[in-house]
Every structure is written in structure tokens, then in C-alpha cells.
Amino acid sequence: MAESLLRRLLYGFLLLFTVVILNFLLLQAAPGDVVDAIVADTGGASEEVVARIRAEYGLDQPVYQQLLSYLQKMLAGDLGYSFHYDRPVLSLIVNHLPATIMLSLSAIIIAVIVGTLLGTVSALNPKGIVSHIVTVLSLLGYATPVFWLGMMALILFAYEFPIFPVFGLRSVPAPETLPGQVIDIIYHMILPSLTLSILFIASYSRISRAAMLDVMGSDYIRTARAKGLPEWVVVFKHGLKNAGLPIVTIAGLQLSHAFSGAVLVETIFSLPGIGPLLLESVTGRDYPVMLGILQGSALMVIAANIITDMIYRVLDPRIRGTV
Amino acid sequence: MSDENRGHGISNRPEVEEAGGTVIKPISGLQETVLMFCGNPVAVIGAVGITIVLVVSIFGPAVLGADPFEMVGAPLSEPFGEFLLGTDFLGRDVFAGIVYGARPTMLIAISSTLITVIVGLSIGAMSGFYGGWVDATLMRVTEFFQVLPSIVLAIVLVAVFEPGLPSIVFAIGITHWTSLARLTRAEFLKIKERELVLAQRAAGATNKRLIWFVILPNALPPLIISMTLTVGICILFEAALSFLGLNDPDIITWGLMIGLSRDFFFEAWWTVTFPGLAILLTVLCIALIGDGLNDALNPKLRQR
């Protein structure tokens with residue numbers, strides 16, 4: 001276990017290292033450099049000042065020297081400085097990440113629960129109504145643009161029938177007590193999370209349906225039934241527990257997709273997440289922020305993959321001993 | 001040609017292969033696939049739908065004449081009145097926008113899918129065929145692209161390489177080839193051990209011939225399904241990028257229409273609803289075709 005964790009960590013570090021190098025290449029390919037951005041932001045500067053700032057940032061050095069110092073900076077956790085916001089990139093990302101993580105995770109959790117239930121029910125009754133719902137859902141989940149779905153949800157449930165708030169993560173003014181604040185945030189997250197989860201419910205229901213059909217035909221299910229166990233015990237304890245493994249794997253793999261979807265959903269619901277930050281950095285040509293987000297999101301996905309891998313090992317004793 | 005037909009026969013109906021040439025084949029694999037596809041009403045609906053979209057994208061602008069960016073009526077006119085689908089905040093006809101938007105939407109989706117096919121097939125084929133360190137390296141590259149959230153990478157790429165059509169197509173293509181590469185690799189791994197490949201190899205076929213003319217035709221059925229679905233995913237992704245304002249603002253696509261009307265969608269639901277429906281229905285048709293192909297190319301699956 002420890003050895004495989006170490007290997008995964010090492011490999012994750014290697015991936016992250018590659019992302020840093022990709023970032024450096026993108027920075028080189030981008031028209032204009034940091035200095036141009038500063039100059040544009042402050043409204044022009046003389047030639048000498050530009051040359052001085054360039055020297056200060058080491059931009060007059062040869063490329064390999066720049067790469068080395070870039071790597072050094074990144075490995076030390078310094079993601080650079082945003083002149084657009086006049087703040088370090090790291091603190092910007094740390095401020096915007098919680099909303100995105102919260103949205104992605106809650107969408108995946110909703111999708112896992114609803115999807116697994118739908119998949120289980122349709123596996124038990126392959127020709128039943130739930131089975132058809134799963135088929136239709138999976139088609140719609142594939143074909144619906146998520147940002148458009150968010151707009152439709154807002155028109156319906158925030159404008160025509162004002163059940164949910166239109167935008168933001170907190171009410172203004174925010175409730176004063178801590179439980180009140182938590183409830184307030186959950187209330188604001190319901191519509192965005194449901195919107196995002198629609199994308200994934202379909203895939204979980206299909207996966208769990210396939211896994212359950214597979215599992216429910218096996219010998220130990222027949223044994224469990226023969227013992228005279230109630231059907232729900234057979235389904236949930238013997239069936240779902242074994243069918244759950246592929247669901248865990250997929251949940252980890254989908255975090256990258258969920259992150260992408262969250263970026264879009266956030267812009268619709270005006271949540272203070274990574275999405276709005278990324279778009280603003282594009283408009284402001286704020287390359288350090290853009291590349292910092294790329295790096296930060298890669299780190300998150302890598303970490304999530306390692307965690308799901310470990311969960312999988314804990315859940316499945318068969319591969320616990322193997323590397 | 002004969003390779004392709006044989007490919008269908010072998011990959012889908014191994015019993016024919018076992019019996020050698022003595023079995024009487026009433027119809028070829030390709031014919032059978034087409035027949036099965038046409039016998040599937042859902043798949044036919046999808047095919048008809050996509051044909052309509054393609055016809056509109058080719059002939060629609062010429063038939064309609066008007067410029068979709070032109071102001072033709074009162075701003076925010078309700079739909080089903082003077083204008084079938086209403087007008088947006090600048091008095092532009094939503095219906096005209098949808099008709100004009102079909103061509104760039106489909107062109108971008110198809111050309112970016114082409115990139116995913118070229119990159120995905122080459123990487124997957126080399127990985128699966130050569131194995132060893134080639135496989136290890138290429139799979140690391142694939143994982144690298146899977147780790148980066150596609151929309152973040154695409155946005156950064158477009159921002160770095162000047163927003164516009166070529167960078168959009170490149171960004172979509174380069175973020176969506178991984179699943180095709182993995183699928184190709186898996187198929188190659190499976191097929192390269194089959195007798196027909198071993199026989200060809202023993203007969204002295206070059207690696208190039210084995211990859212492109214022996215293994216690939218046999219691996220095609222699942223790859224075709226995956227490519228079809230990729231077109232749909234590319235449409236959705238392009239819509240998202242255009243919606244966020246990263247595409248050329250002079251090229252009208254369905255995503256751009258939604259993005260332009262973003263600030264007015266509470267007052268004028270039709271300005272975002274109809275372009276979105278156009279996206280949804282088009283991608284839905286592609287999904288139906290994909291399902292139909294899946295059934296037609298894997299006849300054994302239907303019996304389950």
C-alpha cells in the first residue's frame with residue numbers, strides 16, 4: 001500500500017512537472033510578455049523603464065536560463081504575480097478554488113447517488129419504466145450544453161418561479177449565525193449543483209446498471225437468495241456493494257470533466273469560482289493567472305486520482321496486496 | 001475494399017471465419033450493417049435529423065438571403081409573431097441566426113473531429129502495435145492530456161494563440177483525442193494477436209501494411225462509433241467556447257448567439273432557448289446515429 005502510494009505520488013509529481021514545462025512553452029509562445037502586460041496595465045512606459053523591468057524579470061536572459069528560474073519558482077510554490085489584480089496568483093487561486101471544488105464535488109455526489117439508484121432499479125427490471133428513463137436521460141445528458149441547461153434552470157426556477165436565488169454564493173446581507181450562513185450557501189448551491197449533476201447522472205446510471213446486471217447474475221447472489229434473505233438485503237448488501245467498485249473509479253476519472261463543467265456553470269450562476277477568474281484573466285491577458293489555473297486544476301485532478309485509487313484499494317481487498 | 005469487407009465479417013462474425021470460405025454469405029458485412037441501421041427507427045430519425053442540419057448548413061444561407069447580423073425588426077420581438085423565433089436585443093432575427101449558424105457550427109465540429117481522428121488514431125495505433133517503451137511514452141502523453149480539464153486547457157490555448165477559427169479548431173481537437181487513442185490502442189492490442197495478423201506477418205507484410213491495411217480495418221467498427229460521438233462532443237465544446245466569447249465574433253455560431261444574448265435571457269427567453277435547442281437536437285441526432293451504429297456493428301449485442 002505504502003509503496004504503491006509512493007509510486008503514484010512520484011508519478012503525479014512527474015505529471016505536474018510536465019504541466020509546468022507546458023506552461024513555460026505557452027508563455028514563450030504567447031504574444032507579448034509579462035512586461036507588456038504591466039506596461040499596458042499602467043498605461044505606457046518609456047523604453048528605459050521597459051528595459052529595466054525586463055532585466056528585473058530576467059527576460060533578457062537566454063531561454064534555458066529563463067526555464068530554469070521558472071521551474072525553480074514554480075517548484076517553490078510561487079505561481080507568479082498578477083498585475084491585473086495586483087495580488088500573487090496563488091492567493092487568487094486559493095480564494096476562488098473552494099467554490100469550484102464545492103460545485104464539482106456536490107454535483108458528482110448527487111450524480112453518484114441518483115445515478116446508482118436509477119441504475120440499480122433499472123437493472124432489477126430491465127424492461128421497466130425506470131430503464132427507459134435511464135436511456136432517455138443518458139441521451140439528454142450527452143446532448144445538452146450545460147451552460148444552456150443552467151440558463152434554462154434559471155429562467156424556470158429563479159425567474160418564472162422564484163424558488164432559488166438568481167446568482168452568487170451568499171445572500172446580501174448574509175445571515176449572521178454560522179449555521180445560517182451554511183444553509184444560505186447550500187441554498188445558493190442547489191441549482192448549480194443539480195445542473196452540473198445532470199451531465200453525470202446518465203453515465204453513473206449506465207455504469208451501475210451494467211455492473212448490477214453483471215453482479216446480480218453471479219453465484220453468491222443466488223446463494224444469498226437461497227438463504228432466504230430479504231430481497232433488499234440481497235440487492236444492497238450483496239449486489240450494490242460489489243457493483244460499487246467501477247462507480248468509484250469513474251467518479252475519480254470524472255473529476256476532470258466535472259471541473260470543466262463547473263467552470264461553465266459558475267459563469268452562468270455568477271459563482272465566485274475558478275471559471276469567472278479564468279475568463280477575466282483571458283480578457284486582461286493575465287498569463288500568470290491563466291497558467292496558474294491550468295497548473296492548479298491539474299494538481300487537483302492528479303490528487304483526486306490518487307485519492308480514488310487509494311479508496312479503490314481499501315474497498316477491494318483483491319488488489320490490496322498488488323502494486 | 002476487400003480488406004474492409006472481410007474486416008467486418010471477421011470482427012463481427014467469427015463463426016464465418018472458422019468455417020473458412022465454405023459458408024455461403026448471402027450479403028456482405030457492409031450491406032448487413034446498412035440494413036440493420038435502416039431497420040432501426042431511432043437511428044433513422046437521427047440520420048434524417050443530421051441530413052436536415054447538413055442541408056440547412058449548405059443551402060440555408062443562400063435560400064434565406066438576409067444577413068444574420070442585420071437588424072430586421074424591433075428589438076426583443078416575441079417569437080411566433082412577425083418573426084418565427086423572435087428577435088434579439090439588436091433586432092436580429094433568431095431564426096436567421098440559427099440557419100446561418102449551422103454551417104460554421106458543423107464545419108468547426110467536423111474539422112476538430114478530424115484532428116482528434118488523426119492524433120487519436122496515430123497515437124493509439126502506434127501505442128497498441130509497437131507496445132514496450134513506445135506504448136509507455138505515448139500513454140503517459142495521453143494521461144497528461146486527460147489530467148488537464150479540457151475547458152481550461154482550451155481556453156488557455158485560444159487565449160495564447162489569438163482567438164479565432166484556426167485556434168478554436170486546434171484547441172477543440174487537441175483536447176478531445178484521448179478517448180479515441182485509448183480505444184484504438186485497446187483494439188490494436190486485441191487484434192494484433194489474431195491469426196490473420198500473424199499470417200500476414202509471416203507472409204512478410206511490413207509494419208506499415210499491418211497497421212493501416214490489416215489491423216485498422218478490423219478495428220474500425222468501434223472506432224467509427226466513437227468518432228461519431230466525438231462530433232457531438234465537439235459541437236457542444238465549440239458552443240461553450242463561443243458562448244464564453246472565445247470564438248471569432250464575426251462568425252455566427254449557435255453558441256455565440258447564446259453568449260450574445262446572455263444579459264437579456266430573463267427578458268427574452270427565446271434568444272437563448274432556440275439556439276440551445278438547435279445544439280441539443282443536433283447532438284441528440286448524432287447520439288441516435290451512434291446508438292444505431294452500435295447496434296448495427298455489434299449484432300451480437302442486440303441479442304443480450
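Before I turn to the structure, one convention: a helix axis here is a line fitted to the C-alpha atoms over the stretch in contact, and angles run from 0 to 180 degrees between N-to-C directions. Please keep in mind throughout that this is a predicted model.

I begin with the packing of two helices in chain A. Helix α7(A) and helix α8(A), the latter covering residues 178–216, pack at an angle of about 140°, and their axes are 10 Å apart. That angle makes α7(A) oblique to α8(A). The crossing of these two helices is right-handed. On the α7(A) side, the contact is made by Val146(A), Leu149(A), Gly150(A), Ala153(A) and Phe157(A). Facing them from α8(A) are Leu191(A), Thr195(A), Leu196(A), Ile198(A) and Leu199(A). Sorted by class, this contact has 8 nonpolar and 2 polar residues, with no charged residues.

Among contacts in chain A with a separation of 6 or more, 74% are between residues 24 or more positions apart.

One residue of chain A illustrates the exposed class. Glu47(A) belongs to helix α3, residues 47–56 of chain A. With 12 or fewer neighbours as the limit for exposure, Glu47(A) is exposed, because 7 other C-beta atoms lie within 10 Å. Its C-alpha atom is separated by 49 Å from that of Leu196(A), which is 149 residues away along the chain.

I turn next to the interface. How many residues of chain A are in contact with chain B? There are 33, and they meet 30 residues of chain B. Several elements of chain A give two or more residues to this side, including α1 (2–29), α6 (129–143), α7 (146–160) and α11 (255–269). Also in that group are α12 (274–283) and α13 (287–315). The most comes from α13(A), with 8 residues. By class, the side of chain A that touches chain B has 27 nonpolar and 6 polar residues, and no charged residues.

The nonpolar cores follow. The largest has 130 residues, and those with the most contacts inside it are Met290(A), Leu294(A), Val152(B), Ile155(B), Val156(B) and Ala240(B). Helix α13 of chain B, residues 270–297, provides the largest share of this core, 16 residues. Apart from this core lies another, of 18 residues, among them Leu183(B), Ile211(B), Leu216(B) and Met227(B). Returning to Met290(A), and leaving aside neighbours within four places in sequence, this residue is in contact with Leu278(A), Ser281(A) and Val282(A), as well as with Val156(B) and Ala159(B).

My last topic is a helix pair in chain B. The axes of α9(B), residues 178–191, and α11(B), residues 207–243, come within 9 Å and cross at roughly 160°. Since angles over 145 degrees count as roughly antiparallel, α9(B) and α11(B) are therefore roughly antiparallel to each other. Their crossing is right-handed. The residues of α9(B) that take part include Leu180(B), Leu183(B), Glu187(B) and Phe188(B), and those of α11(B) include Ile215(B), Ala219(B), Leu223(B) and Met227(B). By class, this contact has 9 nonpolar, 5 polar and 1 charged residues.

Terms used: Residues are numbered from 1 along each chain as its sequence is written. Chains are lettered from A and ligands numbered from 1 in the order in which they are written. This is a predicted model: local features need pLDDT of at least 70, side-chain atom pairs count only at pLDDT 80 or more; totals for chains, interfaces and linings use all residues. Two residues are in contact if their C-beta atoms, placed from the backbone, lie within 7 Å. Helices (H or I, at least four residues) and strands (E, at least two) are DSSP runs, numbered from the N terminus. Ala, Val, Leu, Ile, Met, Phe, Trp, Tyr, Cys and Pro count as nonpolar, Asp, Glu, Lys and Arg as charged, and the others, Gly among them, as polar. A nonpolar core is a set of buried Ala, Val, Leu, Ile, Met, Phe, Trp, Tyr and Cys residues joined through C-beta atoms within 7 Å. A residue is buried if 20 or more other C-beta atoms lie within 10 Å of its own, exposed if 12 or fewer, and partly exposed in between; C-beta atoms are placed from the backbone. Angles under 35 degrees count as roughly parallel, over 145 as roughly antiparallel, 65 to 115 as roughly perpendicular and the rest as oblique. A crossing is left-handed if the near helix is turned anticlockwise from the far one by less than a right angle, and right-handed if clockwise.
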